[in-house]
Amino acid sequence: QVQLVESGGGLVQAGGSLRLSCAASGRTFSRYVMGWFRQAPGKERQFVATISWSGGNTYYADSVKGRFTISRNNAKNTVYLQMNSLKPEDTATYSCAAAQANSGSSFYTEALAYDYWGPGTQVTVSS
């Protein structure tokens with residue numbers, strides 16, 4: 001079992017930055033692929049970014065590539081999402097998720113691949 005709790009959301013002006021954190025419980029955090037997803041009101045959940053358990057592989061949605069950076073600290077059981085140059089269209093509830101990995105290089109972009117989810121943190125970007 002893995003329990004996930006996000007933090008770091010808030011209200012920011014367009015062009016600003018936020019860093020989201022996702023703290024995980026469990027001794028095997030380092031063997032999980034981690035992902036960030038977001039969902040805006042009235043819209044489907046959207047993949048944002050993912051990172052392999054080794055941290056060596058990352059993948060981003062085209063809409064955030066070059067602006068967002070996912071990273072992890074396995075010693076602290078935490079994954080991060082650094083969000084720069086935020087836009088109003090980034091407004092959503094951001095959730096982290098964990099998936100059991102097949103290998104240290106695995107990463108997943110589909111929500112169905114993930115086994116555990118956090119409750120989410122709200123990010124609001126004003127224009």
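Hi everyone. Strands here are DSSP runs of E with at least two residues, numbered from the N terminus, and two strands pair if DSSP finds at least two bridges between them. A word on what you are looking at: this is a predicted model, where local features need pLDDT of at least 70, side-chain atom pairs count only at pLDDT 80 or more, and totals for chains, interfaces and linings use all residues. Residues are numbered from 1 along each chain as its sequence is written, and side-chain values use heavy atoms, with hydrogens and water left out.

Back to that pair. Strand β3, residues 18-24, and strand β8, residues 78-83, are joined by six bridges in the antiparallel sense. They belong to an open sheet of four strands, ordered β1-β3-β8-β7, with antiparallel pairing. The edges are β1 (4-7) and β7 (68-73); each has a single partner strand, so one side of each has no neighbour in the sheet. On average, neighbouring strands of this sheet are turned by 15° against each other, direction ignored; the axes behind that angle are lines fitted to C-alpha atoms.

Now let's move to β4. Seven of the eight residues in β4 are buried, where buried means under 20% relative accessible area, exposed means over 50%, and partly exposed is in between, using a 1.4 Å probe and protein chains only. Which strands pair with β4? One is β9, antiparallel, through eight bridges, and another is β5 (residues 46-51), also antiparallel, through five. W36 is a handy landmark: W36 stands opposite C96 in β9 and has A49 as its bridge partner in β5. Six residues separate the strands in the β4 and β5 hairpin, and G42 there takes a positive phi near 80°.

Next, β11, residues 121-126. Strand β2 (residues 10-13) runs parallel to β11, with four bridges, and V12 stands opposite V125. Strand β9 (residues 92-100) runs antiparallel to β11, with three bridges, and A92 stands opposite V123.

How many salt bridges does a search of the whole structure find? Three, counting a side-chain nitrogen of Lys or Arg within 4 Å of a carboxyl oxygen of Asp or Glu. One of them joins D90 and R38, with the closest N and O atoms 2.9 Å apart. D90 lies in the loop between β8 and β9 and R38 in strand β4, so this pair ties together parts that are 52 residues apart in sequence.

Are these two residues buried or exposed? D90 is buried at 0% relative accessibility, and R38 is buried at 6%.

D90 also meets R67 in a salt bridge, at 2.7 Å, N to O. R67 sits in the loop between β6 (58-60) and β7, and D90 in the loop between β8 and β9, so here the parts tied together are 23 residues apart in sequence. R67 is buried too, at 11%. Together, R38, R67 and D90 are linked in a network of salt bridges.

Finally, K65 and D62 form a salt bridge at 3.1 Å, N to O. K65 is partly exposed at 47%, and D62 is exposed at 65%. Thanks, everyone!

How values were computed: Axes are lines fitted to C-alpha atoms, for helices over the stretch in contact, and angles run from 0 to 180 degrees between N-to-C directions.
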